[in-house]
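Here is a short report on the chain shown below.

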Amino acid sequence: MVTAVTVLFLSLAVFAPCGADASAANPIRRVVTMLQDMQAKVAKEGEKEQALFDKFMCYCKTAGGDLEASIKTGKAKIASLEDLLKTGKEEMEQLEADLKEHEASRAEAKEAMAAATALREKEAAAFAKFSADSKANLGALAKAIPAIEGGMAGAFLQTTAAGNLKRFAMEKAEIPDETRQEVLAFLSGQGEYAPQSGQIVGILKQMGDEMAKALKEAEAAEAEAIKTYDALMAAKEKEVESLNAQIETKLTRKAELGVALAEALNEIEDTTNAVAEDEKFLAELKVGCATKEKEWAEVCKTRQEELVALAETIKILNDDDALELFKKTLPSPSTASLLQLAESAQSLRKRALLAITRARKSLHLRPQPQLDLIALALNGKTEGFEKVIGMIDEMVANLKKEQADDEAKKEYCEKELDTTEDEKKVLELKLSDSETAIEELEGSIATLTEEIAALQAGIEALDKAVAEATAIRKEENAD
């Protein structure tokens with residue numbers, strides 16, 4: 001429409017000097033006014049686009065800063081979790097080594113207790129046998145000595161005590177062989193015994209004293225062995241109890257640490273995925289913002305060139321030299337001759353018809369009755385240019401009105417398109433949010449599944465620790 005109006009303005013500029021009121025409407029002024037309107041419109045559109053561009057760049061800066069901060073925080077968190085994981089693994093290895101050492105120490109302590117108990121039982125059995133034999137022999141001597149001194153040796157030799165005494169003298173008595181032979185001969189009833197000599201009685205008393213002394217020493221040794229055994233068992237039991245407590249504590253800590261390590265691994269994986277997504281989005285944002293800046297620079301350059309061209313055109317048309325040239329180019333009616341006027345009118349008619357024909361062909365205008373009337377008027381030879389100019393003015397007014405209507409429709413369509421585009425973006429954003437929420441929920445489900453597995457493993461470890469602790473307690477109670 002703007003091009004059509006421009007053509008009509010040019011036609012007006014061609015026809016205006018031929019009428020009676022040629023000076024009333026200056027076509028150059030009309031063109032200048034139109035160019036000034038175009039200049040203001042371009043400047044206004046530039047301001048709107050600048051505001052939108054500033055908002056977009058603010059978003060680029062703000063979103064980019066937030067993403068960079070999020071990435072930095074995520075990487076710091078990953079580094080912290082990796083350090084924690086490394087420390088936790090080292091602690092886990094130390095716990096396992098400590099548990100192995102404590103279990104070995106407990107096994108050694110139990111083996112020592114079992115060995116000491118077996119040795120004690122063996123020593124106690126030997127002492128019991130020695131004590132019983134010694135007491136039996138001392139009893140036999142206590143019976144033999146009075147019987148021999150009272151002259152009742154024959155009756156004593158028939159008793160069981162005499163047989164026990166004979167066996168002791170033969171196997172265990174620590175006396176010279178000569179003396180042993182005499183005692184055995186007496187106890188066997190060989191030869192006669194003279195009580196007045198007292199030799200056998202002395203031997204028997206000496207044997208009794210030595211036996212009593214040996215029994216006393218054995219009893220003292222037995223008491224000391226029992227005391228040592230009790231002290232050893234008390235120390236070992238205390239050591240085992242301490243080791244059991246340490247093992248139980250270490251097992252509990254191991255289970256808790258295992259759960260913490262599993263959670264740390266899951267958190268590292270989640271944070272790594274989040275950082276990767278932020279980095280991808282930041283890269284896309286930087287590319288988009290850089291592209292927008294490049295496009296905006298091109299738009300600004302083009303708009304500036306348009307404004308410069310409009311300003312230079314307005315300056316040229318407003319210049320006094322241009323006005324003077326326009327006046328000189330078109331001859332004045334008062335000075336022109338009749339032949340010149342006729343020739344100019346005929347030339348102008350042809351030029352106007354040619355301009356209208358070209359406009360209809362090249363601009364593909366929709367059918368305009370006014371143009372047909374103007375062309376008909378120009379083809380006629382009796383009508384003056386006053387009526388043609390009036391028709392042109394009327395058509396210019398109609399074209400301006402149509403242009404205003406078209407611009408209103410265009411503004412309405414653009415507004416509707418913007419509204420539709422905004423609604424589309426909102427729906428796309430909702431869809432993206434829904435997809436993101438679904439992905440987050442799926443990630444949360446996977447994370448919860450892994451955490452549940454880790455907790456179940458921790459519970460199993462705790463159950464195992466409790467079972468071991470219960471077994472240890474039962475063993476302690478059994479001991």
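## Surface and burial

The accessible surface of the chain is about 31500 Å², and 57% of that belongs to carbon and sulfur atoms. Areas come from the Shrake-Rupley method with a 1.4 Å probe; for residues, only the protein chains shown count as cover. This is a predicted model: local features need pLDDT of at least 70, side-chain atom pairs count only at pLDDT 80 or more, and totals for chains, interfaces and linings use all residues. Residues are numbered from 1 along each chain as its sequence is written, and side-chain values use heavy atoms, with hydrogens and water left out.

Of 479 residues, 28% count as buried. Buried means under 20% relative accessible area, exposed over 50%, partly exposed in between (1.4 Å probe, protein chains only).

## Fold

The chain has 10 helices and 0 strands. Helices (H or I, at least four residues) and strands (E, at least two) are DSSP runs, numbered from the N terminus. Among contacts (heavy atoms within 4.5 Å) with a separation of 6 or more, 83% join residues 24 or more positions apart.

Met38 lies in helix H2, residues 27-149. Its C-alpha atom is 9.1 Å from that of Leu307, 269 residues away along the chain. Met38 is partly exposed, because its relative accessible area is 34%.

## Cysteines

The structure holds 1 disulfide, meaning a pair of cysteine sulfur atoms within 2.5 Å. Cys60 and Cys289 form it, with sulfur atoms 1.9 Å apart. The pair links distant parts of the chain: Cys60 sits in helix H2 and Cys289 in helix H6 (residues 199-318), 229 residues apart. The S-S torsion is about -95°, so the disulfide is left-handed. Both Cys60 and Cys289 are buried.

Cys300 is partly exposed at 28% relative accessible area. Cys413 is also partly exposed, at 41%.
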